[in-house]
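Please look over the model below with me. My notes follow as numbered points.

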Amino acid sequence: MATLIQLSDLHFGPLHNSHLDEIILQDIAALDPDVVVVSGDFTMRARYAEFEQARDFLSRINKPTLAIPGNHDQPILRLADWIERFAHQYSRYQKHIHTDIDSMLVVPGWFIVGLNDNHPIAPGGFWSVKQRTWIQDQMVCAPDECVKVVVTHHQLSWGGKWRPAGFWYPTRALDLLARNGVELVLNGHTHVPLAEQTAQGIVIARAGTATSGRLRHGNSNSYNFIWADSKQISVFVRRYYEKTDTFVSDRAFTFPRRNNRP
Ligand SMILES: [Fe+2]
Ligand SMILES: [Fe+2]
């Protein structure tokens, strides 16, 4: 069985709860996943001090880790940061978190591609032609025994309503992923955890905010613990309960794998 922990929207800076950092690090040690994925929004305002705190947190995760930037990890749109926003959009992220904006990671059981989906002006939620080609080039290299995973920040599912800051063309993106054998998509951004299976058979796991006080729609802090075997993928939403001061798996979703193997 392959296991994965998905953290998202850590938002180091104002409203960050550093006490939860410690509990999450203990949980990672106890749950012992094969890999940890962080699906963007490391900071609140992309300040250097916030990135330094995020980097220090990441350095304490003793597991293979894949990260992508979120929309909050770009310098904010103010005059002092204007040039950097357009000319070196991810220089702070690259200095502190990872040198590559798009990256991939292979660990036993998982083949993971992380894709930046932000834009300096437009709301995020799309990949360039170059990125779409890159996904395909990466996915053909995946070993048969691995679950193919794509990590992106904005949500790929928004129920057919007017785009609420999610992907601009979700069906087109999901069709591309399905053609390339992707079985699991991880995203964050909304601070609302969710797990579902799309018409293409792709499992989408959205993580809430793990450590920020920017909570949405009555959700507490949470992260996802995910496991996969040859037949199914299960997503456990682990929510924080103040009373016990622990994260607890209180919702579980199980889906058949679209590339189900005998
Ligand atoms: Fe966020
Ligand atoms: Fe975001």
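1. Start with the packing of helix 1. Its buried residues pack against four named partners: strand 1 (2–7), strand 2 (35–39), strand 10 (222–228) and strand 11 (232–241). Bear in mind throughout that this is a predicted model.

2. Which residues of helix 1 are buried? Leu 20, Ile 24 and Ile 28 are. Viewed down the helix axis, the buried residues fall within an arc of 80°, so they line one face of helix 1.

3. Now turn to the face of helix 1 that points away from the buried side. The exposed residues there are Ser 18, His 19, Glu 22, Gln 26, Ala 29 and Ala 30. Leu 20, Ile 24 and Ile 28, by contrast, are buried.

4. The length of helix 1 checks out. The helix covers residues 18–31, which is 14 residues. At 1.5 Å a residue these should span 20 Å, and the end C-alpha atoms are 20 Å apart, so expectation and model agree.

5. Look just past the end of helix 1. Asp 32 follows the helix, and its phi is positive, near 50°.

6. Six strands make it up, in the order 4-5-6-7-9-8, and the pairing is mixed. Strand 4 (103–107) and strand 8 (194–197) stand at the edges. Each has a single partner strand, so one side of each is left without a neighbour in the sheet. From one strand to the next, the twist averages 15°.

7. How do strand 8 and strand 9 run? They are antiparallel, and four bridges join strand 8 to strand 9 (residues 203–206). For a specific pair to inspect, take Ala 195, whose bridge partner in strand 9 is Ala 205.

8. On the whole chain: the protein chain has six helices and 12 strands. Along its principal axes, the C-alpha trace spans about 55 × 45 × 35 Å.

9. The radius of gyration also holds up. For 262 residues, a compact globule would have a value near 18 Å. The protein chain has 17 Å, which agrees.

10. Of the 262 residues of the protein chain, 45% count as buried. Take the contacts in the protein chain with a separation of 6 or more: residues 24 or more positions apart account for 69% of them.

Methods:
Residues are numbered from 1 along each chain as its sequence is written. Chains are lettered from A and ligands numbered from 1 in the order in which they are written. This is a predicted model: local features need pLDDT of at least 70, side-chain atom pairs count only at pLDDT 80 or more; totals for chains, interfaces and linings use all residues. Two strands pair if DSSP finds at least two bridges between them. Helices (H or I, at least four residues) and strands (E, at least two) are DSSP runs, numbered from the N terminus. Axes are lines fitted to C-alpha atoms, for helices over the stretch in contact, and angles run from 0 to 180 degrees between N-to-C directions. The radius of gyration is taken over C-alpha atoms; the globule rule is 2.2 Å times the number of residues to the power 0.38. A residue is buried if 20 or more other C-beta atoms lie within 10 Å of its own, exposed if 12 or fewer, and partly exposed in between; C-beta atoms are placed from the backbone. Two residues are in contact if their C-beta atoms, placed from the backbone, lie within 7 Å. The expected span of a helix is 1.5 Å times one less than its number of residues. The arc is that of the directions from the helix axis to the C-beta atoms.
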